[in-house]
Amino acid sequence: STLRKSSSLHMTVLTSTSGKKVDVKEGTPMKAACAKLGVKPKYSCKRGDCGSCTVSVGGSRVKACVGKVPPMPRLKSLQEKGLLVK
């Protein structure tokens with residue numbers, strides 16, 4: 001059998017500021033997604049209290065140590081570009 005991407009998998013495309021794109025399952029820990037992208041936030045408290053690991057994901061701020069990958073935007077133009085992580 002052949003594995004195909006299905007909309008039921010709920011994947012989100014993330015893009016780094018350097019242009020690297022990865023498909024990540026919605027709800028994946030942001031820390032793992034950042035590692036796949038090569039984005040290296042600073043981790044201090046590892047509980048989300050200090051905010052030093054905060055990254056911008058599609059314009060929203062997410063604490064990478066405790067945050068999850070958000071759902072893919074519904075706008076087709078944003079789906080093609082992916083959510084920018086910086």
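User: Hi! Which residue stands opposite Ser60 in strand 4?
Analyst: Val57 does. This is a predicted model, where local features need pLDDT of at least 70, side-chain atom pairs count only at pLDDT 80 or more, and totals for chains, interfaces and linings use all residues. Residues are numbered from 1 along each chain as its sequence is written, and side-chain values use heavy atoms, leaving out hydrogens and water.

User: Thanks! How many bridges pair strand 3 and strand 4?
Analyst: Four, in the antiparallel sense, joining residues 54-57 with residues 60-63. Strands here are DSSP runs of E with at least two residues, helices are runs of H or I with at least four, and both are numbered from the N terminus. Two strands pair if DSSP finds at least two bridges between them.

User: And what does Gly58 do in that hairpin?
Analyst: Gly58 takes a positive phi near 60 degrees, and the hairpin has two residues between its strands.

User: New topic: is Thr15 buried or exposed?
Analyst: Thr15 is buried, because its relative accessible area is 10%. Buried means under 20%, exposed over 50%, and partly exposed in between (1.4 Å probe, protein chains only). Thr15 is in strand 1, residues 11-16.

User: What about Ala32, where is that found?
Analyst: Ala32 is in helix 1, residues 30-37. With 38% relative accessibility, Ala32 counts as partly exposed.

User: How far apart in space are Ala32 and Val69?
Analyst: They are 9.4 Å apart, C-alpha to C-alpha, and 37 residues apart in sequence.

User: Last one: which residues does Cys34 contact, leaving aside neighbours within four places in sequence?
Analyst: Val39, Pro41, Val55, Ala64 and Val85. Contact means heavy atoms within 4.5 Å.
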